[in-house]
Amino acid sequence: MDADSDVALDILITNVVCVFRTRCHLNLRKIALEGANVIYKRDVGESVVDLAAYTVSYGPRCRLTRVTGGLLSLNRSEEEAKFGARRLARSLQKLGFQVIFTDFKVVNVLAVCNMPFEIRLPEFTKNNRPHASYEPELHPAVCYRIKSLRATLQIFSTGSITVTGPNVKAVATAVEQIYPFVFESRKEIL
C-alpha cells in the first residue's frame, strides 16, 4: 500500500447548512400557532420547523430554522436542502405570507471520513506545522486548515477525519489533499 495508489474512501455527508430569503416579514408567533410541527422559542427569537413529519419514506429529512436574520436549513445533501427550503416556502404561502423564494446558498457542509489506518498525531503535526495545530490537553484531534478551500479538518488518531467546508466539492478535495500527508504518519501494524 502506498500513498499514490488509488484508494476508495467513503465520505459521509452528515450535515448541509443553507440559507435563503423569503423577501417578506414573517410573524413567528403566527407560524408557531397555525403551522404544523413548529416549535417557537420566543426568548431566542427563532421558530423551528421540523419537516421530517411531512416527508414520506422517499423524501428528505430536514430541519428548518427561522431566525431573525434569515432562514437556515439543516439537511443531509444539497439537493435535499433546496427541496426542503422550497417546501417550507410553500407551507408559509399556505399560511398567508407573500413568500418569494430567493438567494438560496449552501454555506457549510460537515462530513466524516475514516482512513483505513491509525495516525500518529504528534508526527503529523510536526511534518505539517504551518497548517496543523495539536493541543492534546484541549482537544484530542489535530486541527488542519486549508485556506484555499476554506476547509477545516479535525484529524483523530483513530483515522477518523471530520471535514467542514463551504460545499461538497471542497470537502472532497480536502480529503484528497490530506490523504498523502496522513499516509506518511500512519501507524505501522505489527
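Asn128 is buried, at a relative accessible area of 8%; buried means under 20%, exposed over 50% and partly exposed in between, with a 1.4 Å probe and protein chains only. The model is predicted: local features need pLDDT of at least 70, side-chain atom pairs count only at pLDDT 80 or more, and totals for chains, interfaces and linings use all residues. Residues are numbered from 1 along each chain as its sequence is written, and side-chain values use heavy atoms, leaving out hydrogens and water.

- Asn128 sits in the loop between α3 and β7 (132–134); helices (H or I, at least four residues) and strands (E, at least two) are DSSP runs numbered from the N terminus.
- Leaving aside residues up to four places away in sequence, Asn128 touches Tyr144 and Phe181, where contact means heavy atoms within 4.5 Å.

**Nonpolar cores**

- A nonpolar core is a set of buried Ala, Val, Leu, Ile, Met, Phe, Trp, Tyr and Cys residues joined through side-chain atoms within 4.5 Å.
- The largest nonpolar core has 28 residues, of which Met115, Phe124, Leu153, Ile155 and Val182 touch the most other members.
- Elements that each supply at least two residues of this core include β1 (11–21), β6 (102–114), α3 (121–127) and α4 (168–184).
- The most comes from α4, with seven residues.
- Apart from this core lies another, of 13 residues, among them Ile31, Ala89, Leu92 and Val99.

**Cysteines**

- Cys113 is buried, at 0% relative accessibility.
- Cys143 is also buried, with a relative accessible area of 12%.
- Taking a disulfide as a pair of cysteine sulfur atoms within 2.5 Å, the count is zero.
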